[in-house]
Amino acid sequence: MQIAILTLDGFNELDSFIAAGILNRMKTKGWAAHITCPTPQVTSMA
């Protein structure tokens, strides 16, 4: 299963990276989480 974690301008890094890390623990079950965005570049809130 391919999972997209959508990030937009003003995103919180912790939310995106922690979600990806937790979901990628399921790689042995065929899961793959990817952080993605609708534009070539986004800026975080930090």
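How many helices and strands are there in the protein? Then please take me to the loop between β1 and α1, where T7 is found.

Guide: There are one helix and two strands. Helices (H or I, at least four residues) and strands (E, at least two) are DSSP runs, numbered from the N terminus. From that end, the order is β-α-β.

First, some ground rules. This is a predicted model, in which local features need pLDDT of at least 70, side-chain atom pairs count only at pLDDT 80 or more, and totals for chains, interfaces and linings use all residues. Residues are numbered from 1 along each chain as its sequence is written, and side-chain values use heavy atoms, leaving out hydrogens and water.

How confident is the predictor? Its score for each residue, pLDDT, runs from 0 to 100. The mean for the protein is 94, and 100% of its residues reach 70 or more. Confidence is lowest in α1, at a mean of 94, and highest in β2 (residues 32-36), at 97.

β1 covers residues 2-6. Five bridges join β1 to β2, and the two run parallel. Strands pair if DSSP finds at least two bridges between them. Across this pairing, I3 stands opposite A33 in β2. Buried means under 20% relative accessible area, exposed over 50%, and partly exposed in between (1.4 Å probe, protein chains only). Of the 46 residues of the protein, 20% count as buried.

On to the loop itself. T7 is found there. With a relative accessible area of 4%, T7 counts as buried. Contact means heavy atoms within 4.5 Å. Residues up to four places away in sequence aside, T7 touches S16, I35, T36, C37, P38 and V42.

F11 is in this loop too. Its relative accessible area is 17%, so F11 is buried. Setting aside neighbours within four places in sequence, F11 is in contact with S16, V42, T43, S44 and M45. F11 and I35 are 24 residues apart in sequence and 11 Å apart in space, C-alpha to C-alpha.

S16 sits in helix α1. S16 is buried, at 5% relative accessibility. Beyond four places in sequence, S16 touches I5, T7, F11 and I35.

These links span the sequence. Residues 24 or more positions apart account for 74% of the protein's contacts with a separation of 6 or more.

Finally, look past the loop. I22 lies in α1, which covers residues 13-23. I22 counts as partly exposed, at 46% relative accessibility. Further on, M26 is in the loop between α1 and β2. M26 is partly exposed, at 31% relative accessibility. M26 and M1 are 25 residues apart in sequence, yet 9.7 Å apart in space, C-alpha to C-alpha.

And the overall dimensions? Along its principal axes, the C-alpha trace spans about 30 × 20 × 10 Å.

Definitions and conventions
pLDDT is the predictor's confidence in each residue, from 0 to 100.
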